[in-house]
Number of protein chains: 2
Amino acid sequence: MKRNRTGKVTVLAGGVGAARLLRGLVELVPASSLSVIVNTGDDDVFHGLHVCPDIDTILYTLSGLSDPDRGWGIAGDGFHAMDQLAGYGAETWFRLGDRDLATHLFRTEELRTGKTLSQITAAQARALGVSVRVLPMTDVPVRTVIEAPQGRLSFQEYLVRERGRPAVRAIHYEGVRSARPAPGVLKAIGEAGLVVIAPSNPFVSIGPILAVPGVRSAVRRATAPVVAVSPLIGGRPVKGPADRMMRGLGMKPSALALAELYRDLLDALVIDAADRSAIGPLETTGLRVAAVPTLMSTPARSIAVARHVLGIGASVRAALAS
Amino acid sequence: MKRNRTGKVTVLAGGVGAARLLRGLVELVPASSLSVIVNTGDDDVFHGLHVCPDIDTILYTLSGLSDPDRGWGIAGDGFHAMDQLAGYGAETWFRLGDRDLATHLFRTEELRTGKTLSQITAAQARALGVSVRVLPMTDVPVRTVIEAPQGRLSFQEYLVRERGRPAVRAIHYEGVRSARPAPGVLKAIGEAGLVVIAPSNPFVSIGPILAVPGVRSAVRRATAPVVAVSPLIGGRPVKGPADRMMRGLGMKPSALALAELYRDLLDALVIDAADRSAIGPLETTGLRVAAVPTLMSTPARSIAVARHVLGIGASVRAALAS
C-alpha cells in the first residue's frame, strides 16, 4: 500500500497560475490536507465594494465556478449591473459580473460588521463547497502600489486599467510593515510536509505574501521541502507582466532570476521544458530542478504538473532523510 | 389657441401609485414644468447599499425601465447577484435585480463621497433621460418605523418581509424632526400652479413628506389649488396596506377618512367611481370632488386620470378667480 508521505501541503498563491496548479493538487492530495495562503496585495475597492481578485479566483476555481477562458470571474456570469453603472457614468474598467458582485457585497458587509477577511473567506469557501483551507495572507489591508512614469498606481490600475503597459520603476507593499499573518498562516507553513510556491508573479503575487512580517522566515525555517513552480515558459509568463517587471527592475526574465528571488527559501524548482538550459546553472546553486511542460491549459495538465511538484518534493525529503 | 393655464405642477409622491399618475401627467404637462417630491421614509440599507424604493420606482417609470407588472425594479432584470447572495447565507427577502443593483451601488458610493441624495437623484435622472424634476423630500435620513405586536419594524421589514400582515399600532417617522426639505422642495410647492397629492398611502408615503418640517405648511399656504387622488377603490387600495393601516389606527378606510387626513390642505379630491356615494359628504366639507375610474392599469387610463386632476385643478382656479 502506497502511503501519502507528503502529509499536509501548503501553497503560497496568487491568482490564475496558482488556481491552475491547485486544481491539479486537489486531485492528488486530500482537500483537508491542503492549505492555500493567498495574496491580498492586489485587493481593491470598486463602487465601495471590497474586491479580493486572488481569493476569488482561487475560490471560484476550486468550486468549479470559474470561467476557464477568462481566468477571472464566474463562468457564464452577466454584466448587467456593470452596464447600468456605466450608464450612470461610473468607471467600469474593472469588470464585476452580476453573480460575482454578490461575493464582494457579502464580503464588504461582513467586514463592516467587524468580521475579519479570514473569517469571511472561510465562510465563503464553506458556502461554495470548497474544503481546501483558503487563508488570506493577512487580515490587515496591504496594497501593492506600482511606481510608474505617470506616478503611483494601484495594482489594478496598473494591470487592468493600464493593461500592464507602464514601465515599473518600483513596487511597494503599502501597510505590510504593520501587517500580521492571518490566523493559521504560520501554522500551515510550519506543519506542512511540503510548501509550494505557485507559478504566480514573484513581485505582485508571491512577493506580498513573503513580505508579511514572519512569513518569509517561517518558510525559510520550514522543515518541509519548499518547491516553486516557475511562472515563466521560455522566459515569458503565461499571463501577466512578470517578465516586464523583471526587466523594469533590472533583471533578465528567466528561471535563474526567479530562483535568485527565492534563494533563501527554495529546495527545488519546477521549470518549463522550454527553459531546460537553465537546469545546469540552477543545479550548481544547490537546487533540485525538474524541467517539464508547465502550461496548465487543461485539468489533466494541471494534474501532471502537480504530480511533478509532489514528486520533486518527495525526492528532496528522501535526500534529507538519507 | 388653448394655453396651458396650469403652469407648473408639483406632485407629492410615494411609489407605484404615484408613478402611474405621473406617466399620465407627463403626457399632458411639459416635463420641464413637472416636479415630483418623493417620499424617502421607506429608504433602507440592504447589503450595505442605500436603497430608495420610491425614488427608484419613479425614475424607472419615467424612464420607461420599470417592470409594469411587478411595479418595482427594472423590466427583464435578472437576480443572479441575489441568488448568489442567498448562497452565502445573506437575507434576500428584499429582492434587488442585477441592473437595479447598479442604481444602489452608484447612490451609496456617491453618498460616501459626500454628495447629497438630491444631487445623486438629479444625476441619476439625467443619466436615465428623465427631465421631470425628481426631488427627494429631504436629504436627511428619515425612517418610517411601524409599531407592530412583535415590536418595531422598519417599513420594508413590515411591508416586504412580513408582507404587510402585522397589525399597525403606530407609525413613526424617525429623524423627521431634524430633517429639512431638500433644496427645491419648498420652491416647487410655492411656485406651482397646481399641487397634486398622488394616490399613495397617506401614512407611509405622503405622511413622511408632509411631516418634514415646513412642507405641510407650505402646501397649506400654497396659492395653487391642491388636488389629491384617492388611492382607494371601493375603500380598498389598489396595492399595499393603506386600508389595514387605517383600520389599525382606528379609521374606517374610505375617501372621507382620506379627506380628513388632508383636511387642512385640500381643495379638491379625485375619487374612484366606486366610491361615488362619498361625493355628498365630501362636498359638504367644502371640497370639489370628481368620481372617475382611477385604476391606472394602462398608460391610457393614467392619462385619463391625469386629465381629471388637471381639470378639477382648473375648476378650483376658475372658482377662486371669479
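The structure is a predicted model, in which local features need pLDDT of at least 70 and side-chain atom pairs count only at pLDDT 80 or more, while totals for chains, interfaces and linings use all residues. Residues are numbered from 1 along each chain as its sequence is written, and chains are lettered from A and ligands numbered from 1 in the order in which they are written.

Chain A contains 13 helices and 14 strands (DSSP runs numbered from the N terminus, helices being H or I of at least four residues and strands E of at least two). Its radius of gyration, taken over C-alpha atoms, is 19 Å, close to the 20 Å that the globule rule gives for 322 residues, so chain A is as compact as a globular protein of that length; the rule is 2.2 Å times the number of residues to the power 0.38. Along the principal axes, the C-alpha atoms of chain A fill a box of roughly 65 × 45 × 40 Å.

Chain A is superposed on chain B by a rotation of 180 degrees with 0.0 Å of shift along its axis (RMSD 0.0 Å), by least squares on the C-alpha atoms of residues with pLDDT of at least 70 in both copies. That is the relation of a two-fold axis. The C-alpha of D98(A) is the nearest to the axis in chain A, at 3.0 Å.

At the interface, 22 residues of chain A are in contact with 23 residues of chain B (C-beta atoms, placed from the backbone, within 7 Å). On the chain A side, α3 (80-87), α4 (98-112) and α5 (117-127) each supply at least two residues, and α4(A) gives the largest share, 9 residues. This side divides into 9 nonpolar, 9 polar and 4 charged residues (Ala, Val, Leu, Ile, Met, Phe, Trp, Tyr, Cys and Pro count as nonpolar, Asp, Glu, Lys and Arg as charged, and the others, Gly among them, as polar).

Within chain B, helices α1 (residues 16-28) and α13 (residues 299-321) pack at an angle of about 70 degrees, with their axes 7 Å apart (axes are lines fitted to C-alpha atoms over the stretch in contact, and angles run from 0 to 180 degrees between N-to-C directions). The helices α1(B) and α13(B) are therefore roughly perpendicular to each other, a class that covers 65 to 115 degrees, with angles under 35 counted as roughly parallel, over 145 as roughly antiparallel and the rest as oblique. The contact of α1(B) with α13(B) has 8 nonpolar, 2 polar and 4 charged residues.

Note on methods
Contact = placed C-beta atoms within 7 Å.
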